[in-house]
Amino acid sequence: MVTRNIVMVVSYDGTTYSGFQSQPSGNTIQDVIEAAIKTLTGEQLRIIGSGRTDAGVHARGQVFNFHTESRIPAERWALAINTRLPDDIVVLEAWEAPETFHARHSAKRKTYRYTIDRSKFPDVFGRHYAFHHPTRLDVAAMREAFSHLVGEHDFTTFTSIQSTQPSHVRTIFETRIVEEGHLLHLFVTGSGFLYNMVRIIAGTLMWVGEGKISPDDIPSMLAAKDRTRSGPTAMAHGLVLWSVEYPPEECRLAAPAADGLNG
């Protein structure tokens, strides 16, 4: 039987889930999606995510792929699977990819967003999507500190001590901070990210904003390769996997623009 490599872009509210990647305790995004595919096609298969997100972390544009013997047309997959998913998980797009496409290995750029709510009182409706920080933050200092992370660095200082990666060298292509009323959005785009890396960066930037450390401390933090030198790991609920980008010729059989990936 001929198999096809199907790619999907999925958004989800991670509030009640134990992360994206399947684990023995269950209750993950991956578990729910695989169960929906089994209901739809009868196949017991494993999906391949572009990366894991931790418990409580959300995604606007997570990407995954899987190999299936189903003949469902690619353009019908999103609608078909969404009828079998809970309201807090939505597939936005689906297409057929070359056999060699791999959601994690083929990814070239990933963007995360961390949101801070600076209002006096927390927003009851947005509390699952922004970290409440009611005291003043020096945004200019935070921007300066953020810029020091651009480039290729060893990010051991900004990685959980539980990281099992053989190398902590990653490349950050872009950092930016967007102010939206009381909300402060921290965007970071890189070649890849380590365990808790974005949340530790966010926690460290809040230290900068509070005046506890200077933006000029960031280079020496990086050079130290010591987790104890950086700030706290920010709470998970403020983090969103914003987008994952691939070369169009690698991720699609046909060659239309990859609109669903570049957000």
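Colleague: Which residues are buried in helix α3?

Modeller: V139, A141, M142, A145 and F146 are buried in α3, which spans residues 139-147. Buried means under 20% relative accessible area with a 1.4 Å probe, protein chains only. This is a predicted model, where local features need pLDDT of at least 70, side-chain atom pairs count only at pLDDT 80 or more, and totals for chains, interfaces and linings use all residues. Residues are numbered from 1 along each chain as its sequence is written, and side-chain values use heavy atoms, with hydrogens and water left out.

Colleague: OK, new topic. How many aromatic pairs does the structure hold?

Modeller: Seven. Rings of Phe, Tyr and Trp (its six-membered ring) pair if their centres lie within 6.5 Å; planes under 30 degrees apart are stacked, over 60 edge-to-face, the rest tilted. One of them is F101 with Y246, edge-to-face at 5.0 Å centre to centre and 65° between the planes.

Colleague: What does the F101 and Y246 pair tie together?

Modeller: Parts that are 145 residues apart in sequence, because F101 lies in the loop between β4 and β5 and Y246 in the loop between β10 and α6.

Colleague: Are F101 and Y246 buried or exposed?

Modeller: F101 is buried, and so is Y246.

Colleague: Which residues do ring pairs link into a cluster?

Modeller: F64, F66 and W77.

Terms used
Buried means under 20% relative accessible area, exposed over 50%, partly exposed in between (1.4 Å probe, protein chains only). Helices (H or I, at least four residues) and strands (E, at least two) are DSSP runs, numbered from the N terminus.
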